[in-house]
Structure formats: C-alpha cells, structure tokens
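Colleague: Before I use this model, I would like to go through the terms applied to it. Please give the value behind each label.

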Amino acid sequence: MFNKILIANRGEIACRVIKTARKMGIQTVAIYSDADKQALHVQMADEAIHIGPPPANQSYIVIEKVMEAVKASGAEAVHPGYGFLSENSKFAEALSAQGVAFVGPPVGAIEKMGDKITSKKIAQEAGVSTVPGYMGLIADADEAVKISNEVGYPVMLKASAGGGGKGMRIAWNDAEAREGFQSSKNEAANSFGDDRIFIEKFVTQPRHIEIQVLCDAHGNGIYLGERECSIQRRNQKVVEEAPSPFLDEATRKAMGEQAVALAQAVGYTSAGTVEFIVDGAKNFYFLEMNTRLQVEHPVTELITGVDLVEQMIRIANGEPLGITQDDVKLTGWAIENRLYAEDPYRGFLPSIGRLTRYRPPAEIAAGPLLDNGKWQDDAPGGTTAVRNDTGVYEGGEISMYYDPMIAKLCTWAPTRAEAIERMRVALDSFEVEGIGHNLPFLSAVMDHPKFISGEMTTAFIEEEYPDGFEGVTLAETDLRRLAAATAAMHRVAEIRRARVSGRMDNHERKVGSDWNVAVQGESFDVAIDADISGANVTFDDGETLRVTGDWTPGDQLATMTVGDAPLVLKVGKISGGFRIRTRGADLKVHVRTPRQAELARLMPEKLPPDTSKLLLCPMPGLVVNLAVEVGDEVQDGQPLCTIEAMKMENILRAEKKGVVSKINASAGDSLAVDEVIMEFE
C-alpha cells in the first residue's frame, strides 16, 4: 500500500480524501493557493505545499506546479478529487512519467470517456442510445446558431471538458445561443483550461439518474445502484438521493449492466459514474461518463456501506475488487443537500465573506457497514444517520475564486420519508452566519409536495420557483407551533430579565401569563401555564400545545418539542421579540402583552427605499463588460453588464424599459454587493 498520497484539490473533497487516507494509515499532502493558506484541508493534511496565486488557472489546474509539489513531497500517488485536473489526461500522463500512481482511470479511458464529445461517439458506436446533438467542435457563435437551428430549440451548449454546471447554457432562440456560446467558452477556459463547446438537444421534463461503477485492472466491474440528481439549478445539482424513487429493479439492473459494459469497453478502472437522462416511460439515454469521483458519492456510500475513496486507492494500488455484484445491497435511503454560498433571495447569486458562525448539526454514524468488502446483515447502527462533508470552519473566508459549495449535508434512514424528516431537522439545526446561503431553499425543497412524492424532474426549480425564491410561507398549523414555542421562550426571557434587574425579588413586577404573538401577518392570543419541565400554551380557541426544551436567553439555536413533534429554531433578538428561521421561513416574531399588541396595531408600516431606477451589483464580483452606454434606451430583458464571481458569469438584464443616465463602473472593476453599477432616468 502507498505510504503517502497527495490530494490535487481543495475544499471539502480534499478533506474527504484525507479522512479515508488517515483511516488507511496513509500520510497525506495538501496543495494550496494564496487564498487557501488557512483552509481546512491544509490544516488536516500531514504536510502542505504552496502552488501559486488564488485563480485556479494560476494554481490548482497548472500541471507543472502540481507536479513540482508531487516531486517535492515524495508522494507515491495522487488523488485528484473532482473538478480541476481530475479528468485531465495530460496530468495522468505526467504522473505516469514520474512513476507516480494516479488514483483514477487509465489515460486512455480518460481520453475516451472524459471528453464529452468523444464519449458520445463511442457510446453511439456501441449501440447506446444518446441524446441528439452535434458532437463536432464549434468554431464561433454564428456556427453555434446554425447548428442550434438544425438540432432544434431548446438546445444545451456544453463545455467538452466541463463538469459541475460550469460552461453550460440552455438556449431557446438564436440570441440566447449566440450569447450562451461566448459565456460557455469563457467559463470553460477559466475553469478547465479548455474552451471547446458542443451542442445537444435539451430534453424537457427529464430525470437525471446516474449509475456508480467500480472497475479494477483484473477485469472485474460492478455497479452500486443509482443516484437521482434531478433537482438542479443552472445545470448544477442541488439535491441528490439514492436510490431513485422513480426506478424499478428491472430498469436499475438494465442501466447498471449497460454502465459496467460501457466502462469495461474502454478499459476503465477506478470509480466512475455513467449519467443517463430518463424519460417518464423509463427509457434511458446515455448522457456522459464522469471519469472521477462524483460530488454526490456520499449517498451511495450510505446505502451500500462501501467507502468509494478507499476502493479507488486500493484499485490504484493494483488490488482486485473485494466486492462482487452479489455483495452489493441497497439498504435504506440517503439524501444529500448541497450547502452553497449563494443567496436564494438574490437569484442564488454567489456570496463571499467571513463565516462568522458555522455550526453544522452533530454527525451521527449509522446505517449499513461492510467488513473487508463483505456485507454484514447484522451491521450495528442507529435508525438514522447524519453526515456533513465540509471544507470550511467558523471564522474562515469564503473566496470569490472557487466553487460556492461549502458543505454536503447527508442523512440516511430506513425509508425515504424518514430520511427526509431527518434532513428537515438537520437543516434547521445548521447554523451559518456571515454570508448568503441556500439553507432556506433546501428546507423549502424538503417540504415541497413534488419532492416528497418523488415526482420531480430537472425542471423542478424553474417550474416551481419561476420568479425566484422569496422564502417560505408557513401553514397555519406550523404558525401555531411557532407561536407556542416563541411565547414560552419570551416568558423565560422576561423572567430572566426581571431577576437580573432585581424587580422579581422585590415583587415590583411579575411576569404575566397572557401574551399576543404576531407572526407572518397572523395574531395569536395565548395563555401560558408553566411548570418545572415545560409549559402548556393555550390559544383563545381552546387548543393547548405542550412546549418543552432547554433554550435559554442568548442561545442562537432552540431545540424544542411542541406537541409530540420536534421544532428546531434559529433564534435572533429583535425589539419586542425574535427573528426566527425555520423550515425555510425567515420571520420576525413579536411577543407582546395584550395592551402592547393593541397599540402596535396603530403604528404605521415602514416602507423600503425605492431602488427601481438603479442597477445594483447583486453579489461581490468582477465587471467583465458593460453592454450599454449613457443615453442608451434599453428594453425589458436586455443585457446591461456581466459580472463574474466564483467561476460563473452572470448577465444582469434590464427589468423594464428605460434610459441609462449614469454608469458608475468600468470593465475590470471589483464591486461589493449592492454597489450601484448604473442609474436610469
């Protein structure tokens, strides 16, 4: 076995590989850019080597710099993680030339299957059904428009060397094809050092289902079930689960066998993923093969008990698979939610800054286990599991230079419904402050009827949130539970305040039992009857809810039980009440005496400032270009400028007709969030 492995990556995947290597007794080497000097993966590794400036194209994807680190460290193997150089055949060749093992597939397999254009041609030659499209290289925007018309709109413009949603655009007409071609090329060049683009038909109402395969160099190949990855935003996966709620055993077997056959046809070894588009009739079409470890691999590990990183290392070391297809059993259900540094209230635009608070829910180990590659039917473990793969820590910085994903929160349970419920509680328990993040949106998805039923497609977000995410409106039942909890919490805070002031001891003031709770436009009159273990909160219609919990004033997380069900609240103090975040809702809750509530109803509402004539920068980023000049008349939907952040180009468009009166920024400027870019008459 190897003595030392270098991880040619960063963030959560580098930390993930380090954990398994440590378990196997293998020393680890991290690499880092200037921006990652204090990163978690650097702290976790046994040693770390600096490789350059923050931009990935000056550090993490520069083969020469990574190879210098490999030589300096004396590492015998390199795990590339995903993204960056993970599917770069030149990198694998460079390692081979130095006698260093690549923890991944052979160069030939990378070249054949890692390139999306080549892999589609091979699949077609092998008789695999593929999505219609143009697999040749596209010279310019004019040719892209011509091909798009031949294929038929809508089309998908994709980076040949792409992944993770980078370099991908959907075009519904000529203008979008022309615009998307250039943006895709730019993103592909910045992210992968390869700006080749191809075009394929965009299949509407599809499901994105992928098969995990493991192949060794001794002719053995197996599949480890599937992952459902249909909930995506900007072609980037947001929620994944295993198994799929859509597949039956016959379709699973057919897809799995086809995936293994395709992998073995190109001499594939290591872990890999064959992606399919599946229609409503369970017809499946080969989409692409990812010749690397997938971001969402934890859900497969949770339902199979197989450590995929360990298997990759053992295969790279020349060992045969210790698992047969008969050993693979899918037990229970696993769900992964990707936590992104993106603000859902600003169209999911990237957010950067310091993590002033980062407190993931406690991890719980449970579920299926494997012993030396063999299934244990009597494997120990609880009824649910919580896993959080992360690459950040409280006080750390979220940089503008890299992917915005900062953690992958996973839950496992015997059934899908139980896994979803465990995820709801875990999301509510996840504390993140200092940056915009998508936790509220993830909570909303977990409660959405389409997700709960399993009847979602890759168009889920576009269809269910066509105007963007504006938060969650809680149902009446949830509001009552929240009102009961916050009333009890307020009473505890009032008692403490009275005791601290000395008024309670002097009998100058008693905390009353009658309160009014105002939240989400509703008003609840309640009476509280407290005892040593909790409180009974009675509403004016006679309903009583029992509230228990260990919250004390100042705690930012309240883990309560209301009625017979758990209720987890993120708590902030505001005048006369709390800021409460739970189940995707962000609410101001005012708890007042009956007299205070009566007076509050007479107060005028404060209106927000008018910004309708300003174009504000929605995220910290770099101005790539300005598409208009002072005096130009713009139309609804017209591009105004392009902002680049976290390797993604974001085109800002006019929301209505107007005339540009002032431009406050230039190409190349770095802007802060809400900085004024231009003004309109």
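**Labels and their grounds**

Modeller: The largest cavity has a volume of about 70 Å³. The model is a predicted one.

Colleague: What makes this a cavity and not a pocket?

Modeller: A cavity is a set of points where a 1.4 Å probe fits but cannot get out, whereas a pocket is an open set. The structure holds 4 cavities of 30 Å³ or more.

Colleague: Which residues lie nearest the centre of the largest cavity?

Modeller: Arg233, Arg234, Gln236, Glu342 and Met648 lie nearest its centre, out of 10 lining residues. The lining of the largest cavity divides into 3 nonpolar, 4 polar and 3 charged residues.

Colleague: How does the lining of the second largest cavity divide into nonpolar, polar and charged?

Modeller: It divides into 3 nonpolar, 1 polar and 3 charged residues. Asp and Arg count as charged.

Colleague: Which residues of helix 5 are called buried?

Modeller: Buried means under 20% relative accessible area. In helix 5 (residues 107-114), the label goes to Ala109, Ile110, Met113 and Gly114. These four cover an arc of only 100 degrees around the axis, so they are on the same side of helix 5.

Colleague: What is the strand order of the open sheet of 4 strands?

Modeller: The order is 34-41-39-36, with antiparallel pairing. Strand 34 (614-616) and strand 36 (633-634) each have a single partner strand, so they stand at the edges, and one side of each is left without a neighbour in the sheet.

Colleague: What makes a set of residues a nonpolar core?

Modeller: Its members are buried and joined through side-chain atoms within 4.5 Å. The largest nonpolar core has 74 residues, of which Leu214, Ile231, Val239, Ile335, Met446 and Phe451 touch the most other members. Apart from it lies another core, of 36 residues, including Met489, Val519, Phe539 and Val591.

Key. Residues are numbered from 1 along each chain as its sequence is written. This is a predicted model: local features need pLDDT of at least 70, side-chain atom pairs count only at pLDDT 80 or more; totals for chains, interfaces and linings use all residues. Side-chain values use heavy atoms; hydrogens and water are left out. On a 1 Å grid over the protein atoms alone, a cavity is a set of points where a 1.4 Å probe fits but cannot get out, and a pocket is an open set with protein on both sides within 12 Å along at least five of seven lines; lining residues have an atom within 4 Å of a point. Grid points are joined across faces, edges and corners, and a volume is the space filled by probe spheres set on the points. Buried means under 20% relative accessible area, exposed over 50%, partly exposed in between (1.4 Å probe, protein chains only). Helices (H or I, at least four residues) and strands (E, at least two) are DSSP runs, numbered from the N terminus. The arc is that of the directions from the helix axis to the C-beta atoms. Two strands pair if DSSP finds at least two bridges between them.
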